[in-house]
Amino acid sequence: MISEFKKIYEQRADIANEWKKQNGKVVGCFNAMTPQEMIHAAGALPVLIQDVGMDITEARRYLPEFLCPTLKDCLAQAMDGKLSYIDGIIMSHLCEGMRGFYGVWEKNAGLSDPLLIQVPATSEESALTFYIEECRKLKRYLEELTGNQITDEALKKSIAIYNENRALINKLYELRKPSQNRIKGSEIVSVLNAGLIMPKEKHNEMLKKFIAEKTAEPVQETAEDSLTFYLISNELFEAETIMSTIEALGSTVVSDNLAYGLRYSMEPVAMNGDPMLSLADHYLNKIPCPGKFRSDVLVNKLTDSIKELKCNGAIWSVEKYCDPYIFEFPIFQQSMKENGIPLLKIEAEDVSNSGRLKTKIEAFAEMLS
Amino acid sequence: MKGRDYFKELRKEFRTAYNKELADTSSNRKPIAHITGFMPSEVFVAMDIIPFYPETYATMACAFRAADELCLAAEEAGISRDACAFSTVALGSMHTGKGPYGGVPKPDLLLSSAYTCGIHVPWWEVMEDFYKVPHFIMDGPVLAGAPTKQDIAFFVAETKKMISFLEEQTGKKLDMDRLKKCVELSGTASEYFADLIELRKNRPNPISTRQIVGDMYHITSLPGTEETTQFYKELYEDTLERVEKGLGVGYEEKFRLIWDNIPIWHDLDLIDYFEKQGMIFVYETYFTAYWAKKFMTDDIFESLALKYLTSWTNTRLPHKIKIMRDVVRDFQIDGVAVFENKGCRAYSTGQLDVAATLNDEFGTPYLAMTGNMADPGGHDAEGVRHKVDAFKELLESHAAAKTNA
Amino acid sequence: MITAGIDIGSITAKAAVLKDGNILGSKVIFTGYNSSQAGKKVITELMDEIDITMDDLEAVVSTGYGRNSVEFATKAITEISCHATGAHFLDPDIRFIIDIGGQDSKAIRIDDNGRVVNFAMNDKCAAGTGRFLEVMARALEVDLDEFGKICLKSETPAKISSICTVFAESEVISLIGKGETRENIIAGIHESVASRVAALAMRVGVEKPVMMTGGVAKNIGLLKALEDKLETAIKASPHAQVNGAIGAAVLAARQTQ
């Protein structure tokens, strides 16, 4: 089934265009900190815009060299007409790259003006009050764009669908644990990718089928010298490269903190009470995204997971110029040291260079065995 | 006229006193709080807490030629040199205890802010991890345009939360009358500074960028004191006198330029390199959109919100373009020096759009240079100067074309 | 009136001599470590060839990175202005120049008088320069002159993503290991340089017609890759390598007027 998920991601433009013919608007989002449930409740299709490995020549004209490759790639996609199916865009302010990028995008992407949503850095009352207001802004924007009212009822229904998706992703990660070893990390990336651009209902159906298939398979035996790793990475396609490289060596990546994986799905959105308030509270408090979450809490969570999974080592691979991770690293490094967990840091340059990547990972594995 | 040396002397006295206070180890010393730029430091002054700015410290380390070594130390501690260069310099000092004035002082409190620069919070968290002292995060809005009621309300709520935190930590109540006095003094100082910048519309430009770079030390470190306000009053009056006497910065003023971005603190000589060749800087986005502005209203909290929320990095592109159009006209600008600053992504992303728009609309040429505001590692001083030479020829050719037309 | 232009680059030193608007001759030598001596050497050798002496030269303009080390020059002018003037002298229709040198690349827009309207230079980084191509040609054991021609045979250029020359070199080596064809790798290298230079050109605002100068203009693969990216035809300067020196000589003639 993995090839099916892969195919869906590759055909994202077709899927979006099909959706437009049948259902209505398509709304692009820039990161996981966008309450997609609201887009869904407005009857639109939320699609995540990610790095796809474009030629970024023209985007370079507007953006400094030292901005993250993802944002450059996203602008390149827009300028190249690859996102022409998008009707509305939401940018959640997560990092400093985004701050200036918003204006550059608005001026040069050639798409409709994006809505900038502020995500506070804290989550106490004043921040929550502010963020609820931002969510209301988002609601008005979506209602105007789609012509549909976002009723509480519709919102609750959407939350339920997204919660089901979260539960299924949790199951996927369960099946990936060393005790089960039924799903590979690189496979999960393909499953997640598809989920970012297709209707969630359909993704849920596919996930259920996929999980049933995998559960029916016998637990896979692992080689004796097989090692288990935890991967910290913020780019799905980079993560896939790294995981595949590790898997090719007979070892496994048993979990990760991918933005759209377990991190996003850890907890369901509360179903009682005002659905808008539940959503605001959830996005502000329940998604441990390094852009907005306290580093020490984040690092402790990561450390606990790594210990619980009894990983042989942790691998840190973060995109170049990604500030939230740049500052999280020294704290994480310290925690790994204190807990005696071996750590490998992979630089951005390594990921594009299969030879270097393989050498680094092999050497790390040799060091551990 | 008091002259440049007079202000230099005042600055020196100020710096000495400030650093002496920071180094005080007596039992009744004032607490030290490491805070970020764009936090309402008037509150700290009013509460007898010394605000210490790691960012300003980093600029000083550049002046003392210590930045490279400190960045290297930060790198060894796991902080990439791709990070904000103010952070790498200051964190390098934190880890090694090296740097001017005996290194970054040990804080009693840490306070970071999230609205003007999203780097501050994670950076302060690295300090929190090291110093193990209380850390307060002051939240606030990243503006989508002019500050709205909602934005201001958020900032005010956060300021009050911060005050409660400080009261709790110091066990002392904030005297509201004193805060009011501090904010008023600060407002007056910023107004003098803003008026001083206005004087630079004159030909020749009466006060150099190099001088202002030094003269901003008071207002960035301790706004809201009598001494600071007096300093800008005198500086304004002195500069006004220079205008009346038709005095320039000491070099022939052939072309009038904008410097867009933070100065290159480890290569301030670059400014002189421009100016020696007749390219005089008369406007910087850095000073005006931060400290030199008029923000006072009847409400002190609202005044603080207006001061600290509307910084340049918290301004969206269309508004930046609007401001710059006026600057090009009012300051009679001949060219723009666009410093693409690896040390600050937030400032640098969108700069080219501003410059290109001015170029389209007014034909104003611009020079794009890349470097890092505080990390001298790999700085291509010669290469940048080479570009400056070519830029001068470009300005001359533009001027010649204008004359011919 | 006889004037000379001397262009001291990081790798080569170039000289050109002009008499009443005609090129008397030009010369290219390696700069070596002493750029001051290189300037003297290249002009002396050239003067010997065309049989004139220092006394015949009415004015000398020096340009390039080593322009301030040419003691006998009447004036030093940056190669931005010199390339603009040189290109305009060779073809007055030209409105845009792309110069790829050994250690930097430049994009220059000029008006109908050959005056610089806008320009951009890359930053201290070998990627997007002639040096990058040189390093890669060496890694692939291909003669530099053949290097550009080979990419014309490629159908699907390989993707080189490293920003750094050193990393790109090892990326190329790992592509060889993967069994990628030589043509595709070489085409990928040219794409990578073209992408950087094209972005630089776009920043300045491309205006047609475009001329390419500098030694790299002889590289047909890069020229084609740039044409694709900028969607315009690009003319290689007939005096690619000495274009800057010619411009300097023209400016020297103007100095005396």
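Reader: Hi! In chain B, which strands form the open sheet of four, and in what order?

Author: Hello! In this predicted model, the four strands of that open sheet in chain B come in the order S6-S5-S7-S8, and their pairing is parallel.

Reader: Thanks! Which ones are the edge strands?

Author: Those are strand S6 (279–284) and strand S8 (366–371) of chain B, each of which pairs on one side only. If you ignore direction, neighbouring strands in this sheet are turned by 30° against each other on average.

Reader: And how many bridges are there between S5 and S7 of chain B?

Author: Strand S5 (residues 255–260) and strand S7 (residues 335–341) of chain B pair over four bridges, in the parallel sense. To find one spot in that pairing, look for B:Trp259, which stands opposite B:Ala337 in S7(B).

Reader: Which helix packs on that sheet?

Author: Helix H12 (residues 269–276) of chain B does, touching S5 and S6 of chain B. The direction of H12 makes about 125° with that of S6(B).

Reader: OK, switching to strand S3 of chain B. How many of its residues are buried?

Author: Five of the five residues of strand S3 (residues 109–113) of chain B are buried, so this strand is largely enclosed by the rest of the structure. B:Leu109, B:Leu111 and B:Ser113 point one way, while B:Leu110 and B:Ser112 point the other way.

Reader: Why do they go in two directions?

Author: Because in a regular strand the side chains alternate between the two faces of the sheet.

Reader: Nice. Which strands are joined to S3(B) by bridges?

Author: One is strand S1 (residues 32–35) of chain B, which runs parallel to S3(B) and is joined to it by three bridges. There, B:Ile35 stands opposite B:Leu111. Another is strand S4 (residues 135–138) of chain B, also parallel, with four bridges to S3(B). In S4(B), B:His135 is the bridge partner of B:Leu110.

Reader: What about B:Lys20, buried or exposed?

Author: B:Lys20 counts as exposed because it has 10 C-beta neighbours inside 10 Å. You'll find B:Lys20 in helix H1 (residues 4–23) of chain B.

Reader: And how far apart are B:Lys20 and B:Tyr101?

Author: They are 81 residues apart in sequence, and 9.4 Å apart in space from C-alpha to C-alpha.

Reader: Let's jump to chain A. What's the strand order in its open sheet of four?

Author: In chain A the order is S6-S5-S7-S8, with parallel pairing. Strand S6 (252–256) and strand S8 (343–346) of chain A have a single partner strand each, so one side of each is left without a neighbour in the sheet.

Reader: Which helix packs on that one?

Author: Helix H11 (residues 236–248) of chain A, which touches strand S5 (228–233), S6, S7 and S8 of chain A. The direction of H11 makes about 165° with that of S5(A).

Reader: How many bridges join S7 to S8 in chain A?

Author: Four bridges join strand S7 (residues 313–317) of chain A to S8(A), and the two run parallel. A:Ser317 stands opposite A:Ile346 in S8(A).

Reader: How many residues do chains A and B put into their contact?

Author: Chain B gives 38 residues and chain A gives 41. On the chain B side, the largest share, six residues, comes from H6(B). By class, that side of chain B has 19 nonpolar, eight polar and eleven charged residues.

Reader: And chain C with chain A? How many residues there?

Author: There, 16 residues of chain C are in contact with eleven residues of chain A. H5(C) supplies the largest share of the chain C side, seven residues. That side has six nonpolar, six polar and four charged residues.

Reader: Which element of chain C has the lowest mean pLDDT?

Author: H5(C), at 79, whereas strand S9 (residues 210–213) of chain C has the highest, 96. Chain C as a whole averages a pLDDT of 90. The model scores ipTM 0.93 and pTM 0.90.

Reader: Last one: how many residues are in the largest nonpolar core?

Author: It has 306 residues, and those with the most contacts inside it include A:Leu75, B:Leu257 and C:Phe119. The largest share of this core, twelve residues, comes from H6(C). A second, separate core has 32 residues, C:Met47 and C:Val242 among them.

Technical notes:
Residues numbered from 1 in each chain as written. Chains lettered and ligands numbered in written order. Predicted model: local features only at pLDDT ≥ 70, side-chain atom pairs only at ≥ 80, totals over all residues. Contact = placed C-beta atoms within 7 Å. Nonpolar A, V, L, I, M, F, W, Y, C, P; charged D, E, K, R; others polar. pLDDT = per-residue confidence, 0-100. Pairing = 2+ DSSP bridges. Axes fitted to C-alpha atoms, helices over the stretch in contact; angles between N-to-C directions. Core = buried A, V, L, I, M, F, W, Y, C linked by C-beta atoms within 7 Å. Buried ≥ 20, exposed ≤ 12 C-beta atoms within 10 Å, placed from the backbone.
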